[in-house]
Amino acid sequence: MAKSKTQFTCTACGNVTTKWAGRCEACGEWNSIVEEAPLSSGPSAATLGTARGRRIELTDLRTEETPPPRTVSGVAELDRVLGGGLVPASAILVGGDPGIGKSTLLLQAAARFARMGLKTIYVSGEEASAQVRMRAQRLGLTQSPVQLAAETNLRDILTTLDEERPQLAIINSIQTMWSDSIGSAPGSVSQVRAAAHELTAFAKRKGMAVILVGHVTKEGQIAGPRVVEHMVDTVLYFEGERGHQFRVLRAVKNRFGPADEIGVFEMTGKGLAEVTNPSALFLSDRGQPTPGSVVFAGIEGTRPVLIELQALVAPSPHSQPRRTVVGWDGGRLAMILAVLEARCGIPFAGLDVYLNVAGGMKISEPAADLAVAAALLSAREDAALPADTVVFGEISLSGALRAVGQTENRLKEAQKLGFSSAIAPKGGKSLTVDGIKLNRITDLASFVGETFGAG
Ligand code: TYD
Ligand code: MG
């Protein structure tokens with residue numbers, strides 16, 4: 001039977017299928033599937049044969065290894081997300097939307113690491129060296145001993161790295177790299193995979209740290225960073241809303257530290273500045289208590305962060321009311337609306353619902369449920385919550401409130417920022433934090449009753 005040579009790959013998630021489809025069945029992206037020449041012709045039909053290999057030496061779990069020596073950049077927000085500094089012989093992927101500030105962040109990081117004594121090479125596949133230099137001038141980094149190259153040919157880059165032996169190489173971006181041994185165009189799934197594979201394997205072999213930049217893409221022409229996530233040790237995403245100055249660097253995978261850790265930056269005229277107290281920034285422009293605005297005491301990674309949630313509920317002119325969410329999960333919003341309707345008898349039919357997380361933050365914690373419900377109710381009833389109150393807790397489908405982790409840290413952060421009361425679920429161990437009046441509630445219906453009168 002003749003085997004077909006072509007395969008179809010999703011440029012968003014890398015899923016491989018034998019048939020083309022309009023929508024990827026793995027990640028649900030539309031229009032992201034492209035035809036690809038296979039990376040290799042696959043294993044040959046023959047078995048391994050009888051030739052024996054070398055015996056592998058086995059160790060056990062007691063074998064002691066000294067922890068890898070880490071280099072800190074001096075930018076605390078970056079070092080924390082990396083798990084405490086840069087580990088040699090590791091591969092890091094930094095993904096993000098075009099224009100979000102990846103090149104800026106990495107040029108600043110390169111300069112910092114170079115000043116800390118790491119031999120650093122910055123390879124730009126997108127911008128000419130002159131452009132990178134211009135950016136460096138704007139950022140005030142021209143004195144940093146970073147070596148620059150503008151190149152996209154993978155073979156030439158590897159040859160140079162092999163001769164120069166840097167301790168850190170930054171590749172901006174992985175989608176522009178191109179290997180001459182592969183037929184398809186730069187940016188295709190097989191090119192991106194091959195380049196990432198070659199570079200990470202080289203880094204491991206030579207003890208070099210490599211940072212790969214990947215653009216998140218919406219159209220199917222260029223493979224997104226997700227197709228290389230499994231090859232690298234650490235995956236960081238740089239996110240934020242274009243119109244806001246806040247940027248969040250988030251670790252989604254880290255073999256050398258905790259995942260879910262975030263670093264917060266602010267885009268200024270002189271590049272990215274670290275934000276060491278994000279709560280103060282996310283709350284900075286709160287004035288009088290407004291209906292629909294609620295402060296959520298959240299946890300991002302290992303750090304408590306206070307974030308303002310804003311809701312707007314208005315009569316809908318449409319037969320199908322709008323549900324618009326920025327910074328939170330739309331499915332989760334539908335769930336909260338359903339619980340409010342079914343368990344508390346508060347309908348949202350015929351009402352448009354808008355929910356926004358202030359400052360361009362994205363929240364994924366279920367602990368935000370109660371804060372979202374509070375914002376929706378406050379907007380619907382046109383009644384503001386007291387301005388000195390923070391809210392957190394998970395809502396279950398039965399309408400009961402579930403306790404969430406790190407209650408104490410959340411309360412302490414609230415206290416630090418001048419809040420004096422908190423609404424949280426009952427359950428978990430009892431605790432008190434000086435200066436915070438804690439109101440513990442068992443279910444959503446009693447929350448509605450206590451806070452907004454009887455529905
Ligand atoms: P950039 O790092 O080029 O984004 P990416 O590499 O992710 O595509 O940054 C893009 C934006 O950042 C650009 O629109 C201009 C803005 N910016 C500043 O606001 N201040 C600065 O100092 C720099 C260098 C860029
Ligand atoms: Mg860039």
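1. The largest pocket of this predicted model has a volume of about 530 Å³. A pocket here is an open set of points on a 1 Å grid over the protein atoms alone, with protein on both sides within 12 Å along at least five of seven lines, and its lining residues have an atom within 4 Å of a point. Grid points are joined across faces, edges and corners, and the volume is the space filled by probe spheres set on the points.

2. The largest pocket is lined by 21 residues, and those nearest its centre are Asp97, Val216, Lys218, Arg226 and Tyr237. Strands S4 (91-96) and S9 (234-239) each supply at least two lining residues, with the largest share, three residues, coming from S9; strands are DSSP runs (E, at least two residues) and helices likewise (H or I, at least four), numbered from the N terminus. By class, this lining has seven nonpolar, five polar and nine charged residues.

3. The contact, meaning heavy atoms within 4.5 Å, involves Leu154, Leu158, Leu161 and Asp162 of H4, and on H5 Ala194, Ala195, Glu198, Leu199, Phe202 and Lys206.

4. Proline 425 lies in strand S20 (residues 421-425) and is buried, with a relative accessible area of 4%, where buried means under 20% (1.4 Å probe, protein chains only). Leaving aside neighbours within four places in sequence, the residues in contact with proline 425 include Phe392, Leu401, Arg440 and Ile441. The C-alpha atoms of proline 425 and aspartate 443, which are 18 residues apart along the chain, are separated by 7.7 Å.

5. On conventions, residues are numbered from 1 along each chain as its sequence is written, and chains are lettered from A and ligands numbered from 1 in the order in which they are written. Local features need pLDDT of at least 70, side-chain atom pairs count only at pLDDT 80 or more, and totals for chains, interfaces and linings use all residues, while side-chain values use heavy atoms, leaving out hydrogens and water.

Technical notes: On a 1 Å grid over the protein atoms alone, a cavity is a set of points where a 1.4 Å probe fits but cannot get out, and a pocket is an open set with protein on both sides within 12 Å along at least five of seven lines; lining residues have an atom within 4 Å of a point. Ala, Val, Leu, Ile, Met, Phe, Trp, Tyr, Cys and Pro count as nonpolar, Asp, Glu, Lys and Arg as charged, and the others, Gly among them, as polar. Buried means under 20% relative accessible area, exposed over 50%, partly exposed in between (1.4 Å probe, protein chains only).
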